[in-house]
Amino acid sequence: MYSSTLYSRKNSECMILGISTDFVFSSFLVLQFCWFYPGSTLLCDVLDNVNMALVTKRKPWLGGNWKSNGTKVQVQKLVDQLNSFKFNIEKLDVVIFPTFIHLHLTSALTSQGYAIGTQSCSATKSGAYTGEISTEAIKDLEIGTTLIGHSERRQYYGETDDVVAKKLKIALENSLCAVVCIGETLQEREESKTTEVLHRQIDAIRDCPLSAQSVVIAYEPVWAIGSGKVATPEQAQEAHQTIRHYLKEKVSAEFAENVRIVYGGSVNAGNADCLIALEDVDGFLVGGASLKPEFGTIIQSVASAS
Ligand code: 13P
């Protein structure tokens with residue numbers, strides 16, 4: 001259903017400062033239209049679209065979620081591996097999410113290209129909340145990003161949409177970047193509730209002060225996580241497009257156009273090229289494969305799509 005449009009955006013370069021051949025051609029058509037139909041409202045739509053095409057160039061984003069894995073020795077090895085990969089930080093954001101207790105070690109050892117993030121954060125401020133890690137404490141460690149609402153937190157630790165919204169709000173108030181994870185379970189997909197679930201999860205956060213600079217949306221179908229079962233390109237594109245359309249309707253066109261929507265769920269070196277080519281896929285949140293040397297190949301796949 002989507003195959004004819006899957007590659008359209010990435011094949012036709014949209015540049016902020018440069019002028020593409022597509023742009024020259026569309027401008028020519030708009031001018032012709034303007035000449036024949038002055039004052040048409042359709043013209044405004046056409047101009048809007050050309051304008052939108054001009055600003056659309058989302059920087060790819062890649063996350064490595066180490067989940068609850070790693071000893072000091074393993075972290076050292078993983079970081080040595082990361083430091084051997086080369087990529088251009090102007091063209092790709094890569095964020096590594098170690099456990100809380102390995103944050104310091106990871107950030108001390110990784111080379112400058114990598115950002116470090118936390119896998120969760122507290123919904124409460126600093127204070128008498130035993131065992132919680134506040135966003136103030138995260139910020140104080142000079143960690144700039146946090147995951148919020150990962151399905152494993154929702155599934156095993158009772159994080160509801162409401163808790164996710166509270167965490168997002170407090171993270172943004174403390175100037176952290178937040179990667180908000182959403183996605184349906186297998187049962188929800190089989191009952192054709194994917195769109196309903198995605199809409200509900202977006203509704204929960206849409207009143208937060210969302211900006212494309214501080215928020216990344218991770219679409220992680222629960223059935224694809226750690227299962228080796230990756231979403232097909234059609235399923236991934238359809239879900240990402242659903243998310244972007246709904247954000248346009250409920251948040252703003254500007255946010256929807258510029259926010260990075262990344263895919264997570266059994267991404268590996270073998271499927272990364274195909275998924276990153278999709279129109280609305282702006283990167284990945286990788287679990288298992290981020291603990292393996294193939295993460296370097298995934299970095300290259302995402303970097304070469306930019
Ligand atoms: P896997 O890549 O292991 O399926 O995990 C995905 C994930 O949960 C990333 O947050």
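1. **Ground rules.** This is a predicted model, in which local features need pLDDT of at least 70 and side-chain atom pairs count only at pLDDT 80 or more, while totals for chains, interfaces and linings use all residues. Residues are numbered from 1 along each chain as its sequence is written, and side-chain values use heavy atoms, with hydrogens and water left out.

2. **Around the ligand.** There are 13 residues around the ligand, and K67, H150, G226, S266 and G288 come nearest; here a residue is near if one of its heavy atoms lies within 4 Å. By class, this shell has 4 nonpolar, 7 polar and 2 charged residues. In that scheme Ala, Val, Leu, Ile, Met, Phe, Trp, Tyr, Cys and Pro are nonpolar, Asp, Glu, Lys and Arg are charged, and the others, Gly among them, are polar.

3. The side chain of H150 places an N or O atom 2.8 Å from a ligand oxygen. For E220, a polar side-chain atom is 3.0 Å from an oxygen of the ligand, and S266 contributes a polar backbone atom at 2.8 Å from a ligand oxygen. The protein covers 95% of the 300 Å² of accessible area that the ligand has on its own (Shrake-Rupley method, 1.4 Å probe).

4. **N65.** This residue lies in strand β1 (residues 61–65); strands are DSSP runs of E with at least two residues, helices runs of H or I with at least four, numbered from the N terminus. N65 is buried at 4% relative accessibility (buried is under 20%, exposed over 50%, partly exposed in between, with a 1.4 Å probe and protein chains only). A polar side-chain atom of N65 is 2.9 Å from the backbone nitrogen of K67. Beyond neighbours within four places in sequence, the contacts of N65 include H150, L147 and F97 (heavy atoms within 4.5 Å).

5. **Strand β5.** Because 5 of its 6 residues are buried, β5 (residues 177–182) is largely enclosed by the rest of the structure. Strand β4 (residues 145–148) runs parallel to β5, joined by 4 bridges, with L147 opposite V179. β5 also pairs in the parallel sense with β6 (residues 215–219) over 5 bridges, where C181 has A218 as its bridge partner. Pairing requires at least two DSSP bridges.

6. **H104.** Helix α5 (residues 103–109) holds H104, which is exposed at 59% relative accessible area.

Terms used. A polar contact is a pair of N or O atoms within 3.5 Å; within protein, one must be able to donate a hydrogen and the other to accept it, and residues adjacent in sequence count only if both atoms are side-chain atoms.
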